[in-house]
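Welcome! Take your time with the exercises below, and try each task before you read its solution.

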Amino acid sequence: MFSSRRVVSALLLAASLLGTNAHGALSSADARAELRAIHELAERSTGAALRKLEILQASMGETVPYALHRDMLRTEVWLREDAGQREQSYAVERKIRALALAHKDSATAARARLGEVRQLLDQHQADKAQAVLENIVAEVPVDAPPTVVASVDSVLGDVHNARARFDKALEAYLRALRQLEGMADAGDHRATLYGRIAHLYINTDHPEKAVETARQGVAETGAAATSIAALQLTEGIALIRLGRDGEGIIAFQQALVLAERAGLGGIEASIRGNIADYFLRQRDYMRAEDEARKALEVSTRVKDENLIIMAKANLGFALMGQGKMAQGEPYVDAVIVQLREAGAVADLEAMLDEKGRMQEAAGLHRNALATVREQQALQQRSARSARDRAIAALQEEFDASQRTRQIALLQRENVLKDAELASRRRAQWATGFAIVLTVLACAIVYVLYRRAARSNAQLQQLNRQLEYHSMRDPLTGLHNRRAFLEKMRTRSASKEDRRAGAASGTDCFVLMDIDHFKSINDRWGHAVGDAVLVEVARRLAAAVRDTDIVLRWGGEEFLVYAPATDPDHLAVLARRILDAVGSAPVDAQTCRVPVTLTAGVASLCAADIGEWEGAIRLADWALYQGKAQGRNQARIVSGMRAPVETVLAALDGAAGAASAEGLVEIVCVHGPSPDAPA
């Protein structure tokens with residue numbers, strides 16, 4: 001409740017501003033002075049500054065000069081951003097745009113529309129944001145002020161960052177900084193750009209550069225409290241990435257004090273969310289719960305949906321970490337639903353991965369297995385989507401080259417026709433010249449023919465390359481799933497031949513998954529994760545026969561197709577594969593990463609299955625049995641205790657994998673103990 005002193009102070013402030021209306025509106029000079037005072041007040045209290053600005057706007061007359069009206073609305077934009085009121089901030093940006101268009105101020109109108117791009121980025125719609133930004137760039141006049149150009153480049157960097165085009169994002173941010181060089185009143189804008197660059201360095205796994213850049217931003221003269229608090233938050237994240245936890249927590253605390261003092265609700269919620277995330281990583285779940293609840297309270301107050309999602313996720317995992325599964329899972333499941341609706345695939349995969357870990361740690365193995373299956377299905381859909389986009393891009397490039405080639409051929413045909421017409425005209429002048437020109441025309445035709453032949457040969461070569469790449473995984477060079485399906489389709493042997501006994505061998509399928517691959521990406525970065533995938537592919541290829549086929553099944557999953565294999569040697573094959581991958585850490589230059597596999601093995605003979613699809617389903621079931629029983633092992637389907645139709649029906653039934661356990665004979669082969677990471 002407000003005290004009477006505070007109420008009286010508010011009334012006096014309103015009277016001091018509104019009193020001038022008794023005799024007339026505030027003059028422009030007085031309003032400018034009041035606006036400067038609001039800027040100074042914002043350094044101490046964002047909420048008080050926003051209330052004072054609202055009173056100032058109410059005190060102005062009907063005929064407010066355009067420049068003053070624009071500057072008051074621009075001040076309202078960043079005050080509402082600092083207070084965490086993003087949606088209201090975007091609404092004010094739309095007012096500025098309408099006002100600027102009415103006064104034919106194209107530079108201000110273009111800058112105001114940047115709020116639409118930021119709103120789309122908040123909604124995880126990077127493609128739409130890119131399209132809108134391209135229209136804005138076309139609207140910016142050639143003589144636009146440097147601050148407007150810098151703002152456009154800054155938002156362009158945000159779009160590239162959201163689309164993981166980090167090199168282009170850095171170029172855009174640096175261009176914006178160059179635009180602001182030497183401008184004494186642009187210190188806060190430069191500090192904000194340093195914060196974005198520091199975030200970019202964190203995203204590209206360069207935390208030491210992020211710390212240096214954040215400190216450059218804090219040192220900028222004129223940096224506002226909002227920018228300094230955000231920079232200190234970024235510095236804290238980078239320090240923790242470097243393992244300097246004590247310094248990182250101090251940076252978080254400094255940022256938190258500044259945010260609370262200045263009433264920066266959005267930044268306060270973000271800081272508390274990061275502190276909660278730190279305690280989660282330290283497995284200090286009680287402190288994580290405390291910070292997450294505070295973050296949820298603040299983010300709910302400022303109505304920032306992204307911060308609310310982060311706070312709920314942290315709170316849910318903190319409760320689950322304490323064994324309070326019934327209390328924690330509703331928060332986590334609510335976040336998963338929101339992320340799925342927003343199409344945030346990467347964040348959704350991370351949530352499912354962490355949820356599965358928590359369930360496994362709590363002994364809820366069946367629930368953990370279901371979560372892992374959901375995550376795997378999401379990863380496969382994501383991989384298929386990425387592949388389809390890549391194929392579409394290749395097709396577009398191919399079509400463009402085809403059109404260019406057709407135009408070139410038409411031009412060559414025109415040249416030939418012109419030459420023929422010229423030869424006919426000259427033939428009328430003299431018979432002797434006609435013979436020479438005929439020979440010349442034949443020579444030209446021959447040259448063009450040779451060029452066309454070379455063009456066709458190049459086209460055939462490109463087609464062969466395209467066919468090769470469509471059957472290979474671009475990262476590891478292994479065959480992909482499409483190549484495997486083509487191989488299965490073209491097998492010429494009869495069903496009886498493929499199910500021959502041990503004398504001639506039978507088809508065997510080994511389905512594998514790299515253990516804790518998501519943790520490798522989280523700890524060392526995606527570059528190290530890619531290096532692990534490439535090395536595992538190499539080791540698998542070296543561990544099998546020349547007649548066997550190793551392929552990347554999807555994500556971190558691999559498949560070995562071993563035709564004509566003795567069923568009694570499946571355990572030897574499985575052990576050779578586990579040892580080849582897990583006996584030595586992967587040397588990724590910057591670190592040594594211990595890697596192990598979990599595998600499921602099935603053969604057509606042992607499973608008494610005539611078609612490969614059923615063997616793959618059994619191998620997949622055996623793989624996830626291995627994951628549920630501790631990983632780093634191979635589970636071999638050595639026989640059936642029931643007809644194959646009964647077993648497959650059990651796998652498809654409501655009880656799922658559990659109902660099939662008593663119907664299948666399993667042999668377990670354990671992998672080597674991994675070395676500690678270096």
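The exercises that follow concern a predicted model.

**Exercise 1. Get an overview of the chain.**
Task: Find how many helices and strands the chain has, and what share of its residues is buried.

Solution: 
- Step 1: Start with the secondary structure, which comes to 28 helices and nine strands.
- Step 2: Turn to burial: of the 678 residues in the chain, 45% are buried.
- Step 3: Finally, look at contacts with a separation of 6 or more; residues 24 or more positions apart account for 64% of them.

**Exercise 2. Check an annotated span.**
Task: Work out what secondary structure the model gives to the residues that UniProt annotates as "transmembrane region".

Solution: 
- Step 1: The annotation comes from an unreviewed UniProt entry and covers residues 429-449.
- Step 2: In the model, this span is 95% helix and 0% strand.
- Step 3: The C-alpha atoms at the ends of residues 429-449 lie 29 Å apart.

**Exercise 3. Describe the setting of E76.**
Task: Decide whether E76 is buried or exposed, and list what its side chain and its contacts reach.

Solution: 
- Step 1: Locate E76 in helix 4, which spans residues 66-82.
- Step 2: The relative accessible area of E76 is 8%. Buried means under 20%, so E76 counts as buried.
- Step 3: The side chain of E76 makes a polar contact of 2.9 Å with the side chain of R80.
- Step 4: Leaving out neighbours within four places in sequence, E76 is in contact with L50, L53, Q57 and V92.

**Exercise 4. Trace the strand pairings.**
Task: Starting at strand 2, follow the pairings to strand 9 and name the direction of each.

Solution: 
- Step 1: In strand 2, nine of nine residues are buried.
- Step 2: Strand 2 pairs with strand 4 (residues 557-565) through seven antiparallel bridges, and M512 stands opposite F558 there.
- Step 3: Strand 2 also pairs with strand 7, again antiparallel and over seven bridges; here I514 has L597 as its bridge partner.
- Step 4: Strand 7 (residues 597-603) runs parallel to strand 8, with four bridges between them. T598 is partnered by Q633 of strand 8.
- Step 5: Strand 8 and strand 9 (residues 664-670) are antiparallel and joined by seven bridges, with Q633 opposite H670.
- Step 6: Seven of the eight residues of strand 8 (residues 633-640) are buried, so strand 8 is largely enclosed by the rest of the structure.

**Exercise 5. Explore the nonpolar cores.**
Task: Which residues touch the most other members of the largest nonpolar core?

Solution: 
- Step 1: This core has 60 residues, and those touching the most other members are F252, I271, F317, L339 and M351.
- Step 2: Apart from this core lies another, of 36 residues, including I520 and I636.

Key:
Residues are numbered from 1 along each chain as its sequence is written. This is a predicted model: local features need pLDDT of at least 70, side-chain atom pairs count only at pLDDT 80 or more; totals for chains, interfaces and linings use all residues. Side-chain values use heavy atoms; hydrogens and water are left out. UniProt positions are given in the numbering used here, feature names are shortened, and annotations may be inferred rather than shown by experiment. Helices (H or I, at least four residues) and strands (E, at least two) are DSSP runs, numbered from the N terminus. Buried means under 20% relative accessible area, exposed over 50%, partly exposed in between (1.4 Å probe, protein chains only). A polar contact is a pair of N or O atoms within 3.5 Å; within protein, one must be able to donate a hydrogen and the other to accept it, and residues adjacent in sequence count only if both atoms are side-chain atoms. Contact means heavy atoms within 4.5 Å. Two strands pair if DSSP finds at least two bridges between them. A nonpolar core is a set of buried Ala, Val, Leu, Ile, Met, Phe, Trp, Tyr and Cys residues joined through side-chain atoms within 4.5 Å.
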